[in-house]
Each structure stands twice: as structure tokens, then as C-alpha cells.
Amino acid sequence: MRIIKSLFALVACGFFSTSVMAQDCCGKGADCSCCNKEAIELGYYPQPYGFVQVQGGVNTIFSPGKQFNPTFSLGAGYMFTPVVGLRIQANGYEAKNGFRSVGDKYTLKYINSNADVMVNLTNLIKKNTYNKLNAYLVAGLGLAYAWDNKQFNNIVATKPVAEDVTNAWGEGKTHKDLLSHNIRAGLLLDYNIAKN
């Protein structure tokens with residue numbers, strides 16, 4: 001746990017310590033001859049910038065319950081170069097799962113926090129251009145916390161559940177037991193509706 005806390009502190013320091021970088025065109029000061037004509041006409045220069053993301057979607061737990069659940073996330077990030085950036089994000093809401101052996105389902109609440117590295121694959125290939133559609137490779141790690149699982153405990157206590165619940169969280173577990181580590185990797189598609 002100490003290693004994870006140290007890693008998060010390091011990412012946070014790196015995220016905030018670079019916000020004073022000078023913004024220039026292509027790293028060549030006021031000389032923008034390195035940018036293409038379309039980018040200059042649109043007023044676009046591949047300088048460092050910050051962003052905020054609000055997302056909504058559906059997730060599922062690959063287990064006997066096979067339930068689809070709504071999820072929401074809020075994130076903030078900073079692109080240090082046209083290719084590489086960092087993002088911190090939190091998502092969560094409510095999840096459903098179930099026991100196949102008794103046919104009962106239960107809900108729980110959760111929050112998942114992540115620190116991600118973002119690599120703009122489009123800018124990696126087409127340097128110094130304005131691209132309406134950008135593809136990002138995203139990879140990160142984080143912590144998840146779950147709570148409010150009374151239905152789970154009621155089902156296990158009153159029904160003949162055949163599934164192994166030895167390691168499941170519930171009565172008698174501490175807050176430390178409700179934390180879990182996670183890693184993630186994925187592809188993010190971003191469409192610019194305006195030059196800004």
C-alpha cells in the first residue's frame with residue numbers, strides 16, 4: 001500500500017509541477033513555419049494544454065450475475081506535448097451482481113480512481129497537424145473502493161448459496177479489505193467539434 005501511495009504522490013507532483021511550461025509553436029518560439037498551413041489558418045498550435053472530461057456509459061462484471069450497470073466519470077488531464085499527457089479520473093455509481101445457484105441479485109456502490117498516461121497515436125504519426133479525429137492509447141493504475149452491500153450479506157445468511165464467498169467482502173471486513181488495486185489499458189477516440 002505504501003508503494004501505491006508513493007506512486008500516486010509522484011504522479012501528482014509531476015502533474016502539477018509542469019503547469020508553468022511556456023506555450024509556443026512546435027517548440028520554436030514565435031516561428032511557426034514548422035506548422036502546416038491548415039493548422040495556422042485554424043489558429044491551432046500543438047502546445048501544452050489542460051482538459052476536463054465528463055463521461056457516462058455502461059459497464060459489466062464478468063461473473064455469474066452478468067449485469068449491465070450505468071457508470072459516470074469525471075477526469076482532468078494535461079497534454080505535455082502533442083503526443084504525451086497524463087490524466088486523473090474517478091468513476092463509479094452502483095453495480096449489480098448475483099448468485100447463479102439461488103437466482104438472487106444484489107447491488108453495491110463503488111468508486112474507482114485512476115492515474116493514466118495518454119499517448120496521442122494520431123499526432124505520433126501526423127506531427128504538427130490539426131486532426132479532427134484523434135486516437136489515444138490509455139494505460140493506468142488506480143484504487144477502487146466498494147461499500148453498501150447489505151443485500152449480499154442477507155442472501156448469504158438466508159439462502160443456500162453454492163458459490164464460494166470465503167473471500168467476498170461483507171460482515172467483519174475492515175475498510176482496508178474493501179480497497180482493491182486495478183490496472184487498465186484501452187483506446188480513446190476524440191473528435192474535435194471546434195478548433196479550441
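This report walks through the fold, the strand pairing, the salt bridges and a surface patch of one predicted protein model.

## Ground rules

Residues are counted from 1 along each chain as its sequence is written, and side-chain values use heavy atoms, with hydrogens and water left out. Since we're looking at a predicted model, local features need pLDDT of at least 70 and side-chain atom pairs count only at pLDDT 80 or more, while totals for chains, interfaces and linings use all residues.

## The overall layout

The protein chain has four helices and six strands. Here helices (H or I, at least four residues) and strands (E, at least two) are DSSP runs, numbered from the N terminus. Going along the sequence, you'd read α-α-β-β-β-β-α-β-α-β.

Of the chain's 196 residues, 33% count as buried. Buried means under 20% relative accessible area, exposed over 50%, and partly exposed in between (1.4 Å probe, protein chains only).

## How the strands pair

Two strands pair if DSSP finds at least two bridges between them. Strand 5 (residues 133-147) pairs in the antiparallel sense with strand 4 (residues 105-120) over 12 bridges, and one spot to look at is isoleucine 111, opposite tyrosine 145 of strand 5. Strand 5 also pairs with strand 6 (residues 179-191), again antiparallel, over 13 bridges. There, glycine 140 has arginine 184 of strand 6 as its bridge partner.

## Charged pairs

Side chains of opposite charge can pair when their charged atoms come close. The rule for a salt bridge is a side-chain nitrogen of Lys or Arg within 4 Å of a carboxyl oxygen of Asp or Glu, and the count here is four.

Take aspartate 116 and arginine 87: their closest N and O atoms are 2.9 Å apart. Aspartate 116 sits in strand 4 and arginine 87 in strand 3 (residues 84-98), so this pair ties together parts 29 residues apart in sequence. Both ends are tucked away: aspartate 116 is buried at 0% relative accessible area, and arginine 87 is buried at 6%. Arg87, Asp116 and Arg184 are linked in a network of salt bridges.

Lysine 159 and aspartate 104 form another salt bridge, with 2.6 Å between the closest N and O atoms. Lysine 159 is in the loop between helix 4 (150-158) and strand 6, and aspartate 104 is in the loop between strand 3 and strand 4, so the pair ties together parts 55 residues apart in sequence.

## A nonpolar patch

Leu133, Leu187, Leu189, Tyr191 and Ile193 make up a nonpolar surface patch with about 620 Å² of accessible area together. Patches use residues with over 30% relative accessible area and no salt bridge, joining like charges within 9 Å and nonpolar side chains (Val, Leu, Ile, Met, Phe, Trp, Tyr) within 5 Å. Accessible areas come from the Shrake-Rupley method with a 1.4 Å probe, and for residues only the protein chains shown count as cover.

Strand 6 supplies the largest share of the patch, three residues. Tyrosine 191 belongs to strand 6 and is exposed, at 52% relative accessible area.
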